[in-house]
Amino acid sequence: MDSLYSDLVLQHKREPQNFGSLPEHTHTSEGINALCGDRLRVEVDYRDDNVHALRFNGESCAIAIASASIMSEMVRGKDRRTIEKLAGRFALYMEGDRDDEATLGDLRAFEPLRLHFARRKCALLPWATLRAALIGAVVATTEQAGLHE
Amino acid sequence: MTNVRGGLPGLIDALRAVHAGGARSVLGIVFATTGSTYQKRGAMMVLDEHGLRYGVISGGCLEPEVEECARDVLRNDRAASVDFDMRTDEDVTFGSGTGCRGRVRLLLSPQRDGAPLTDALLSLVNGEDALSLSLMCSGDNIGAGRASLGKKLWNWNRDGSAASATTDGAIELKIDPPPRVLLLGAGAESAPLQEFVRRLGWRSVCVEHRGRWLDFARRADVDEIVEQPPQAAADAWRSQRIDAAVAMSHNYAMDSTNLGLLAASDIGYIGLLGPASRRDQLLGELGADVAARLRDRLHAPVGLHLGGSGPEVLALSIASELQRYFAERTR
């Protein structure tokens, strides 16, 4: 089962959906996880209370790109409230909460992250960036800084 | 470079700094590895609840998870072990992402000022002997352990506080004290060499009594200076454990005296600065007996042949050869 998850994630990493720019975007934000080096930009055409189109770009790890790619397909036609609920459910799913998991579709490919909690922030970065864009925030992050040697 | 020390002395500095403010720390100790790993058995790191981390177990890929686990250890005031298995495809995608195909197992032990394991490490850093550790790394008694250093003995339970605890099935580790390097003479290469000594976590003792060269030793901030001529200084360094010595006085007569003194010692690594022809002349004058006693230990010209010239290159070359010697010695 784990290899099925890996295959799906790697497929989205190799051929990400909706990767690129959206010149006609109405909302945008930058997602930056400075400690691990993930950086991506989300551009959304959000009108009449739903997502008409979304593009993302930047350089990130396989998990962040795959998550952004899957997200870009899932949120089309959805309103902000539904996106918030989906993002919240996804975060809980990675912590092991299996309620309503069918609603998560391909996001279930990130199930192994229940064991690799340090990488959850990578999968959540695109979602945090999209949520930031929709409320008008310029930057989003899903990591906390520490004091290192 | 900064004045930050590496290796065990740096780790002790970090432990002291955290505990000085009354805070607790978490000591991470690698107790088992398999395959290709960044660190090996005995490697240590210090973490605290505010995100401070000294030392590494990987190139940065595993540390975020270690930091999370360390927070749990402090919250529960109880030791835990972490197992990073990087040998699977799943780990490449979802886990560390390193692709190293190794496995690292780490014990995280809560520590506070005066904790037995902390005290044992403080004794080790300036000591002469290796520290023997028995650590419970699994089961109900995880984190309990015992340490011995010479005649000193420490025992602790699973929360790290002093207590006699069962250590049946414990993992045994031996932690060596920081290598101590005897530098016989100072010069322009002293400062860059001391930077390597400091960053690699070694200790240095420099013998120098000549005013002009003494300034080099002082500016280099070596750990200890013996301001005596070679014969008189030997009484001081003979009483210490010395792991390696380098005759580097830039003076023929002084190097000759020092080589004679080193030949009579049991120091395993003896380096001599200067060209091969100078070495041969020195050994010829010291006689066959001294040359025979030095033969298997003498590295002359000292240092790995890296090419280039100047004090920094020389220091890098000497430090590199010393590192190789220390690493091979512990295998």
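**A first look at chains A and B**

In chain B, helix α6 (residues 211–220) has W213(B), F216(B), A217(B) and A220(B) as its buried residues. Seen down the axis of α6(B), these buried residues fall within an arc of 95 degrees, so they line one face of the helix; the arc is that of the directions from the helix axis to the C-beta atoms. A residue is buried if 20 or more other C-beta atoms lie within 10 Å of its own, exposed if 12 or fewer, and partly exposed in between, with C-beta atoms placed from the backbone.

Please keep in mind that this is a predicted model, where local features need pLDDT of at least 70, side-chain atom pairs count only at pLDDT 80 or more, and totals for chains, interfaces and linings use all residues. Residues are numbered from 1 along each chain as its sequence is written, while chains are lettered from A and ligands numbered from 1 in the order in which they are written.

**More on helix α6 of chain B**

- The face turned away from the buried side of α6(B) carries the exposed residues G211(B), R212(B) and R219(B).
- The buried residues of α6(B) pack against α5 (190–199), β11 (203–207) and β12 of chain B; two residues are in contact if their C-beta atoms, placed from the backbone, lie within 7 Å.
- Just after α6(B) comes D221(B), with a positive phi of about 60 degrees.
- Helices (H or I, at least four residues) and strands (E, at least two) are DSSP runs, numbered from the N terminus.

**The sheet of chain B**

- An open sheet of 6 strands runs in the order β12-β11-β10-β13-β14-β15 (chain B), with parallel pairing; two strands pair if DSSP finds at least two bridges between them.
- At the edges are β12 (224–226) and β15 (298–299) of chain B, each pairing on one side only.
- Strand β14 (residues 269–272) of chain B pairs with β15(B) in the parallel sense over 2 bridges, and I270(B) stands opposite L298(B) in β15(B).

**Helix α2 of chain A**

- The 13 residues of α2 (residues 62–74) of chain A should span 18 Å at 1.5 Å a residue, and the end C-alpha atoms are 18 Å apart, which agrees; the expected span is 1.5 Å times one less than the number of residues.
- This helix, α2(A), is mostly covered, with 11 of its 13 residues buried, including I63(A), I70(A) and M74(A).

**Leucine 22 of chain A**

- L22(A) sits in the loop between α1 (2–14) and β1 (27–33) of chain A.
- L22(A) counts as buried because it has 20 C-beta neighbours inside 10 Å.
- Leaving aside residues up to four places away in sequence, L22(A) touches E43(A), D45(A), A53(A) and R55(A).
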